[in-house]
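Morning, everyone. I have one structure to go through today, and I will keep it short. Please bring it up on your screens.

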Amino acid sequence: MVGFGVVAAQCPVRHSFSFLRPMPPFLHPPPTPCAPNSTSRPARGLLHALPHRNLKLVPGRRGRQGGRITISSSSSTLSAAQDLIADAPTPRAFSALFKAASSATSPSPSLGVQLHAQAVVRGFLGDGDNSNTILSTAILNFYASCREPDLARQVFDTMTCRNAVTWNALIKGYAQAGRREEALELFRDMRRQGHVAPDKYTFPALLSGIGREHGGGCMQELGGSMHAQVIKSGLHKDPFVGASLVSMYAAIGALEDVKAVFDDVDTLDPVVWSSMISAYVNCKEEEGALLTFYKMLCQDIKPRQFVYSSLFAICGSMSLLEMGRQVHAHSLKNIADKDAAMTNALLTMYSDCGCINDAWRVFSSNDVVDVVSYSSIILALGQHGHPKEAFELFRQMKFSGLVPDEVTLLNLLSAFNHAGLVREGLHIFDSMLDIQGIKPTYQHYACVVDMLARSGEIGEAMKTINEMPFEAETPLWRIVLGACSKHRDIATGMKIAEMLFEMEPYEAANYILLGNIYTRLGRWTEAEKVRSVMDKRGEQNDVKCPRLSIRFERQKSGDNVITVI
């Protein structure tokens, strides 16, 4: 395994930290959330609906074409935006507003429509000068960021002068909305017109759309064609385009093409190296990702936060605790400000390696936490047998003003499921829509079914499956069938097994689970028939279901089980 030459003892999490049982009483106030709940305060007018942004007019000339406008982030809302429009109603002022609206967490299309109307009324979109092109492009980009490419196309069609930024914004809007064919058609129109050439911002939008499709060989052929266009445009050495090519090939599982692109770019840009590490992770080549990280260090390339997050995930999935400690120590030396994603990945890594002490220390030492942070630690506590402490953190999370999401509640349900706390789990599930305001997903229902089946309430589990607004998948039915074997419910087990035999006739686990029910009840004749059917199915399809040899044994406890050889 790769070594990094980093002294693991320098990592502070190696120091002893006692995870108290029960959890230490939470006497200290919970960490401050990243941002207050934006829905808790009413909007004070149109421009104030843009959250957590502020506009500042830099001193200078304030004519129609003159004033210089910059956008700076602040903790307040756009309190100065209304004054700006009143004092300097220029196209650049409106462009700045649309830019601020586009960068909001959840851009509101209705807000953009109102601002758009104001710009039209003031006559800022009537002429064909440069400032109007900038404003029209800003409006187009806003609609694209709202996943409204049709509105963006309407603005595009009315523009008399279009530049590369305009084309790129619309292509990106269609690609992000999942409308790949229209994005490609726009790219063809752009090339046919000739006066605007594709640049390094054109291809990443198209490549990201191809990567999201996951269409197998077809997508790989299309990606190869787009790669050829990149080479024709002379952009194959550009780090920004190279990183997009790496991500695209990684998304469709073409690791050899990923390596070829990476070698062709041949750059020390950390973005490209980060994309390469991510590609190895997506293709399940964890050792390749670790080796690439080692090469980064040899090239004196400073890893970014995303790289450390990926490495923490790898170390957690492979249970490489010592390697994870070394990577953690290296991150402490190189990263001054850790983002939430990196901290949460570190927390999860220690939890997956069985070090709940260190996972708790990472969480408690974090000054600013978000919903994902709480969700991660709640999952970790549940996996390590601390459901009460997980619920206490859930209560603290709500008290701090953070709104739990569906992942938080799923992790909490999982914690109750592992501990066998059925009543507490059902209480959380029943309160999801009414109190939490979250509609249960298939995963929530599956967790509840598993919880009921494990506790022996097979009837309630079946009732939940029949009443849930989703069609149950075969793994969920297998969970209930396994519970029928454990709790010796032969009637329900036979119904489920018959259904599974029709859905998956070559899945050996279905036959084994039914056979276990018969053997637990001492019904050897029926168990032998199940074995015979499974043998025949194995002969019919050796590839899908290799022939299995089954031996019946009686354990010392008296339970009869099937042993697969």
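Predicted model: local features only at pLDDT ≥ 70, side-chain atom pairs only at ≥ 80, totals over all residues.

Start with helix H13, residues 286-298. How far apart are its end C-alpha atoms? They are 19 Å apart. With 13 residues at 1.5 Å a residue, the helix should span 18 Å, so the two values agree.

Now the residues of H13 that are buried. They are Gly288, Ala289, Leu290, Thr292, Phe293, Met296 and Leu297. An α-helix has 3.6 residues a turn, so residues three or four places apart point the same way. You can check the list with that in mind: Ala289, Phe293 and Met296 are among the buried ones.

What do the buried residues of H13 pack against? Three helices: H12, at 270-282, H14, at 305-317, and H15, at 321-334. After H13 comes Asp300, and its phi is positive, near 60°.

Next, the serine. Ser95 sits in helix H2, which runs over residues 91-102. Is Ser95 buried or exposed? Its relative accessibility is 11%, and the cut-off for buried is under 20%, so Ser95 counts as buried. Leaving out residues up to four places away in sequence, Ser95 touches Ile134, Leu135 and Ala138.

Last, the cysteines. Cys146 has a relative accessibility of 10% and therefore counts as buried. Cys447, with a relative accessible area of 9%, is buried too. How many disulfides are there? The count is zero, where a disulfide needs a pair of cysteine sulfur atoms within 2.5 Å.

That is all I have.

Technical notes: Residues numbered from 1 in each chain as written. Heavy atoms only, no water. Helix = DSSP H or I, 4+ residues; strand = E, 2+ residues; numbered from the N terminus. Expected span 1.5 Å × (residues − 1). Buried < 20%, exposed > 50% of the residue type's maximum accessible area, 1.4 Å probe, protein only. Contact = heavy atoms within 4.5 Å.
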